[in-house]
Amino acid sequence: MSDNKQPPIYFYLPSYNQFERDLPRSPETSWEWMFERGKPEYNLSDGEYAWSLQTFLQLQARSFPCQITATMPEKGIVITHRINLPLNFKPGPELLLICLQADKAPHPFAQLSVVLTHQALHTQYSFLGDIHAPKLRSKSSQPLEGYYFMRHWPIPGLIPRNPARGDRFENVVFLGVGRSLAPELKTDFWKQSIKELGLNWSFRGPGKRGEGWKDFGDIDVVFAVRRFECFDNFAWKPATKLFNAWHAGVPAILGWESAYQAERKSDLDYLEVKTVEEALAALKRLRDDVPFRTSIVENGRQRAHETQPEILAQQWIEFLTEVAVPAYDRWCSNSVLHQKRFFLRRQTALFEDGLQRFFGFKIEGLQKRLNALGKFFDVQ
């Protein structure tokens with residue numbers, strides 16, 4: 001479709017009116033801007049930056065026709081993070097809503113949804129539920145209608161491992177937030193085991209300017225395990241840590257997560273571990289087998305081409321022009337009755353979710369009371 005026939009495309013950011021004159025000049029400068037001003041001054045969330053603002057900046061840098069707005073338009077295609085959508089918001093007869101679901105529950109009335117992982121395409125979450133709760137989601141053999149997967153952007157301006165480090169293998173680093181660190185990695189046993197391997201263990205948060213997650217200069221291996229021996233493979237978490245490791249020229253030891261597994265093409269992509277023992281064995285192998293480690297780094301450099309900003313931006317452009325624009329045309333050409341039927345189906349699903357949660361909580365509460373009563377009589 002030619003540009004003169006393309007509907008207006010908006011990225012909806014409610015806080016945009018606060019930083020309109022302070023918008024980052026390019027995607028490359030947006031990372032520091034987010035930590036220096038975006039979060040502390042404008043209360044911009046990580047998800048809004050990662051998906052809404054960064055995607056807009058990447059598309060704008062390639063002259064793709066789109067704009068940011070602080071007010072919800074009545075006509076056109078609107079892309080926004082799930083946190084910006086009230087549960088009862090319904091798009092009008094000339095509005096196509098694309099929900100950037102991220103790690104939130106889906107929005108009931110969005111015509112299209114963008115998800116972080118391949119597995120999320122096959123996972124039906126409750127509109128009212130916490131996606132971290134296994135009882136509130138179900139699996140589908142076919143991709144869900146209206147759901148599309150897009151890879152996460154690597155960190156803008158990422159600083160790769162310093163080539164001067166050569167074959168040194170000393171620094172094992174977990175990049176993330178404290179709550180994402182597996183409990184076993186906080187124990188004295190883990191710290192002592194790392195020390196016995198002759199390695200240095202550290203956990204790094206983002207830092208004041210985001211440099212903690214951006215600078216891989218002294219990192220010899222990225223270690224990212226949220227849970228050991230976990231039956232939940234974190235279907236809502238993207239493969240960002242793996243992408244960044246590839247771009248940084250650093251091997252990665254990762255947990256059992258669906259996003260990583262979906263990206264894996266060979267054993268050189270990353271080392272997967274499920275137990276502390278496997279993790280320590282993987283570190284020992286990387287320490288001792290230099291050719292193997294070199295092969296992993298070289299393979300990562302090749303895989304990094306798949307998530308270059310130019311490639312991801314083109315995928316976004318294709319999604320918007322080949323999927324979103326035709327979906328918009330279909331929505332606008334539908335009769336009022338057809339649109340009302342769409343909302344009725346979603347409203348019914350929303351109501352069913354409410355009933356499931358209500359009775360689920362009631363049953364769970366009853367079970368807790370019965371268990372407590374049983375323990376009381378056992379004591380007696």
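What follows is a short chat about the sheet, its helices and the pockets of this predicted model.

Trainee: What's the strand order in the open sheet?

Mentor: E2-E1-E3-E4-E5-E8, six strands with parallel pairing.

Trainee: Which strands stand at the edges?

Mentor: Strand E2 (67-69) and strand E8 (147-149). Each has a single partner strand, so one side of each is left without a neighbour in the sheet.

Trainee: And how far are neighbouring strands turned against each other?

Mentor: By 30° on average, with direction ignored.

Trainee: How many bridges join E5 to E8?

Mentor: Three. E5 covers residues 112-115, and the two strands run parallel.

Trainee: Which residue in E8 stands opposite Val 114?

Mentor: Tyr 148.

Trainee: Now helices. Which strands does H3 lie across?

Mentor: Helix H3 is residues 46-60. It lies across strand E1 (9-12), E2, strand E3 (76-81), strand E4 (95-100) and E5. Its direction is at about 150° to E1.

Trainee: What about H10, which strands does that one touch?

Mentor: H10, residues 309-333, packs on the sheet and touches E1, E3, E4, E5 and E8. Its direction makes about 140° with that of E4.

Trainee: How does the lining of the largest pocket split by class?

Mentor: 22 nonpolar, 10 polar and nine charged residues.

Trainee: OK, second largest pocket. How much space lies in there?

Mentor: About 770 Å³. This second largest pocket is lined by 32 residues.

Trainee: Which of them lie nearest its centre?

Mentor: Gln 111, Glu 145, Gly 146, Phe 342 and Arg 346.

Trainee: Where does the largest share of that lining come from?

Mentor: From H11, with eight residues. The helix spans 336-379. Other elements giving two or more residues include E5, E8 and H10, along with strand E6 (123-125) and strand E7 (137-139).

Trainee: And the classes for the second largest pocket, what are they?

Mentor: 14 nonpolar, 10 polar and eight charged residues.

Technical notes: Residues are numbered from 1 along each chain as its sequence is written. This is a predicted model: local features need pLDDT of at least 70, side-chain atom pairs count only at pLDDT 80 or more; totals for chains, interfaces and linings use all residues. Side-chain values use heavy atoms; hydrogens and water are left out. Two strands pair if DSSP finds at least two bridges between them. Helices (H or I, at least four residues) and strands (E, at least two) are DSSP runs, numbered from the N terminus. Axes are lines fitted to C-alpha atoms, for helices over the stretch in contact, and angles run from 0 to 180 degrees between N-to-C directions. Contact means heavy atoms within 4.5 Å. Ala, Val, Leu, Ile, Met, Phe, Trp, Tyr, Cys and Pro count as nonpolar, Asp, Glu, Lys and Arg as charged, and the others, Gly among them, as polar. On a 1 Å grid over the protein atoms alone, a cavity is a set of points where a 1.4 Å probe fits but cannot get out, and a pocket is an open set with protein on both sides within 12 Å along at least five of seven lines; lining residues have an atom within 4 Å of a point. Grid points are joined across faces, edges and corners, and a volume is the space filled by probe spheres set on the points.
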